[in-house]
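Here is a brief report on one structure. It covers salt bridges, a disulfide and a helix.

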Amino acid sequence: MKKLTLFLYVSLVFSVGCAKKPENIQPTYIPVIKYRDYSCQELSVKLEEINYKTKAIIPVQETASNVDSVAMVGGLITIFSPIFLMSGGAHDKEISILKGEALAIEQSAKDKRCESIIKWFEKEKMTPKIT
């Protein structure tokens, strides 16, 4: 019976999704063609929108990641209790999409020679990590 309980507990621990740290989230592929018809000004506006959204959800994701780490450790120490507090991914998908959008905009800006956007990416060191 103890082995079955331990097996179920370990299965539960590994089946519960943990929120990743924002820097560990991989970008979703977004085709550059999406921004083919955008002017440099339109790319800049879209980039500002993405940057605004990213800055709003990064702290939430970092908090979720930290809480999940504590819950996992607590769950391993005090059987089951904190594991149910885990967030299960928080904003992983949204951050992944925003990173992909930013990469597509960066490539489109390079193709169009939008110097201000290219300089912004270089200054912010935003590729491939958005912060």
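Which residues are linked in a network of salt bridges? Lys 46, Glu 49 and Lys 53 are. The model is predicted.

## Salt bridges

The count comes to five salt bridges. One of them joins Lys 46 to Glu 49, with the closest N and O atoms 3.3 Å apart. These two residues sit three places apart in helix H2, so about one helical turn separates them. Glu 49 is partly exposed, at 33% relative accessibility. The network takes in Lys 53 along with this pair.

Asp 37 and Arg 36 also meet through their side chains, at 3.7 Å from N to O. Asp 37 counts as exposed because its relative accessibility is 66%, which is over the 50% cut-off. Arg 36 is exposed too, at 51%.

A further salt bridge pairs Glu 106 with Lys 110, and here the closest N and O atoms are 3.8 Å apart. Both residues belong to helix H3. They are four residues apart, about one turn of the helix. Glu 106 is buried, with a relative accessible area of 12%. Lys 110 is partly exposed, at 43%.

## Helix H3 and its end

Helix H3 runs over residues 92-112. It has 21 residues. From the first C-alpha to the last, H3 reaches 30 Å, close to the 30 Å expected at 1.5 Å a residue. Arg 113 follows H3, and its phi is positive, near 60°.

Ser 108 is found in H3. Is this residue buried or exposed? Ser 108 is buried, because its relative accessible area is 3%, under the 20% cut-off. Leaving aside residues up to four places away in sequence, Ser 108 touches Val 32, Tyr 35 and Leu 43.

## The disulfide

The structure holds one disulfide. Cys 40 is joined to Cys 114, with an S to S distance of 1.9 Å. The link is left-handed, with -80° about the S-S bond. Cys 40 lies in helix H2 (residues 40-77), and Cys 114 in the loop between H3 and helix H4 (115-124), so the pair ties together parts that are 74 residues apart in sequence.

How does accessibility compare with the cut-offs at each end? Cys 40 counts as partly exposed, at 32% relative accessibility. Cys 114 is buried, with a relative accessible area of 3%.

Methods:
Residues are numbered from 1 along each chain as its sequence is written. This is a predicted model: local features need pLDDT of at least 70, side-chain atom pairs count only at pLDDT 80 or more; totals for chains, interfaces and linings use all residues. Side-chain values use heavy atoms; hydrogens and water are left out. Buried means under 20% relative accessible area, exposed over 50%, partly exposed in between (1.4 Å probe, protein chains only). Contact means heavy atoms within 4.5 Å. The expected span of a helix is 1.5 Å times one less than its number of residues. A disulfide is a pair of cysteine sulfur atoms within 2.5 Å. A salt bridge is a side-chain nitrogen of Lys or Arg within 4 Å of a carboxyl oxygen of Asp or Glu.
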